[in-house]
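Please have the sequence and the model open while you go through this note.

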Amino acid sequence: MPANSASIGDRGLRRLAAASLLASFPGTTAPDWVLRDLEDGLGGVTLFGFNVEDAAQLAALTRQLGGAARPIVSLDEEGGDVTRLAYHTGSPYPGNAALGAVDDVELTERVYRSIAADLARCGVNLDMGPVADVNTADDNPVIGTRSFGAGAELVARHTVAAVRGLQSLGVAACVKHFPGHGATREDSHLEIPLVDAAPELLWERELVPFRAAIEAGARSIMTAHVSVPYLTGNAPATLSRAALTGLLRGELGYDGVVITDALDMHAITKSVGLGGGAVRSLLAGSDLLCLGPVPTYDDIRGVLAAIVEAVRDGVLPVARLEQAAARVDRMRDWFALVQDSADDNVVGLDAARRAVRLTGSAAPLVDPYVVEVDTPPTIAVGDVPWGVAPWLPEAEIVRVKPADASPGALLAAAVGRSLIVVVKDAHRYPESQALISGLLAARPDTIVVEMGLPIWRPDAAAYIATYGAARANAQAAVELLTAS
């Protein structure tokens, strides 16, 4: 056994390795193996929509998890399209694009403080947010409305506000995705996206929000599975020592917890494998390995074995694991008692109302016929409900796939009625654009509601941009329509 691992026994080494893992599990109660592993040093868990039924059930689950240790309990609660707390109903908060459109940092801080209150009441102590990516690629398939916008300074000031809001109630923020995922046109869930930026551009654009977040005291930062050729070569930043230790730790001076994006994404598993990715990321400088929803119990055991073997073989120094564990322990010590705020329960709808934009004018609704244009869910968002149905109960609502829709049949059904077309990110789907254009050609009085980014704007009588598809965004849009 190499000298760097001789000072601790096998059990101590396995416990130290386990401290770097954020595991996931199926179901709404914790399996025995999770509770056992937490007792044996597992760093914590990441929860997903399939783990959550409602706030009461989630609180019971986190109490069950916390009975064995002081685990990190994390999930992705960005508000807007990406929600775990409201995975089955849609978020009551607008997402970052809407908040960026309003551009009121006090409002953003209030929204994230309210999110923190929701999380803290449920026993969640780490939020995998906010997104700090500067979304400069209109057709970005994975960021889009999750970003505050396309301007570095705009994104920076709202990232700081979000960090303050979350951490004011003792919920650690995890600013993502370092060194920036906003200029990509590929989905890192499926491949390794490219950020083809020179050093000067990276510093002037991608890094600006992260620098601001570091100054604001962000407790953790998430890595991106993106390659930046001058910095990481062909490897993703998650596996790059130049990115995590050289740039983030060295040049930016960050000493908080570095958390990986989910290692089960294809950018990692299809290149170096789950175990190989875990070892290489720890070597690069990460502290907590988010394993994602795909790995099974056996897969997690395999990752743990790979880390232990890397230490025994002298590939991974024990000191690197000890450093990672110490950073995570500092974050655990920071977790504060929750202080609820009574005025936070309406902040989400208030923010959505301020974000929504109406171009043109809509006549009073008459027996509305709503066509919701189906949009494939992204892996990050999942199959979260969206649309206007909860707020227009009197309307007839049909959801259609653009390739299968018959414009003639839709127009026939809408004769003598208000025609409303609801879509998400139409700029990314030519078939959606063609369907909407066909409907508008016959019915120029059609109302178009865009629940993604308002980049493609058809010449409709009324065009509503919500900057997100959360429940709050939909309610704000319908309020505009029914007030006209």
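Predicted model: local features only at pLDDT ≥ 70, side-chain atom pairs only at ≥ 80, totals over all residues.

The points below run from the whole chain to single residues.

1. Overall make-up. The chain holds 18 helices and 14 strands. Its radius of gyration is 23 Å, close to the 23 Å that the globule rule gives for 484 residues, so the chain is as compact as a globular protein of that length. Along the principal axes, the C-alpha atoms fill a box of roughly 80 × 45 × 40 Å.

2. Burial and contacts. Of the 484 residues, 61% are buried. Take the contacts between residues at least 6 apart in sequence: 76% of these join residues at least 24 apart.

3. Surface and charge. The accessible surface of the chain comes to about 17500 Å². Carbon and sulfur atoms account for 52% of that surface. The chain carries 39 positive and 58 negative side chains. The centres of the two sets lie 4 Å apart.

4. In what order do the strands of the open sheet lie? The order is 7-6-5-4-3-2-1-8, and the pairing is parallel. Strand 7 (257–259) and strand 8 (289–290) form the edges, each pairing on one side only. Strands of a sheet pair through backbone hydrogen bonds, either parallel or antiparallel.

5. Strands 1 and 2. Strand 1 (residues 21–23) runs parallel to strand 2 (residues 44–47), and two bridges join them. Ala23 has Val45 of strand 2 as its bridge partner.

6. Strand 6 and its neighbours. Look at strand 6 (residues 220–223) next. Three bridges tie strand 5 (residues 172–178) to strand 6, and the two run parallel. Here Phe178 has Thr223 of strand 6 as its bridge partner. Three bridges also join strand 6 to strand 7, again in parallel.

7. The faces of strand 6. Is each face of strand 6 covered or open? Both are covered. Ser220 and Met222 are buried on one side, and Ile221 and Thr223 are buried on the other.

8. Thr466. This residue sits in the loop between strand 14 (462–465) and helix 18 (471–483). Why does Thr466 count as buried? Its relative accessibility is 1%, and buried means under 20%. Leaving out residues up to four places away in sequence, Thr466 touches Ala98, Val356, Val449, Glu450, Met451, Asn473 and Ala477. The C-alpha atoms of Thr466 and Pro94 are separated by 8.6 Å, although the two residues are 372 apart along the chain.

9. Tyr467. Tyr467 is found in the loop between strand 14 and helix 18. Its phi is near 65°, a positive value in a residue other than glycine. Tyr467 counts as buried because its relative accessibility is 17%.

10. Asp103. A positive phi also turns up at Asp103, near 60°, again in a residue other than glycine. Asp103 lies in the loop between helix 4 and helix 5. At 34% relative accessibility, Asp103 counts as partly exposed. Partly exposed runs between the 20% limit for buried and the 50% limit for exposed.

11. Cis peptide bonds. Which bonds deserve a look here? The peptide bond from Gly129 to Pro130 is cis, with omega near 10°. Pro130 is placed in the loop between strand 4 (126–127) and helix 6 (152–167). A cis peptide bond also joins Lys176 and His177, with omega about 5°. His177 is found in strand 5.

12. Backbone check. Most residues other than glycine have a negative phi, and most peptide bonds are trans. Against that background, please inspect Asp103, Tyr467, the bond from Gly129 to Pro130 and the bond between Lys176 and His177.

Definitions and conventions:
Residues numbered from 1 in each chain as written. Heavy atoms only, no water. Helix = DSSP H or I, 4+ residues; strand = E, 2+ residues; numbered from the N terminus. Rg over C-alpha atoms; globule rule 2.2 N^0.38 Å. Buried < 20%, exposed > 50% of the residue type's maximum accessible area, 1.4 Å probe, protein only. Contact = heavy atoms within 4.5 Å. Areas by Shrake-Rupley, 256 points an atom, 1.4 Å probe, with all protein chains shown as cover. Lys, Arg positive; Asp, Glu negative; His and termini not counted. Charge placed at Lys NZ, Arg CZ, Asp CG, Glu CD. Pairing = 2+ DSSP bridges.
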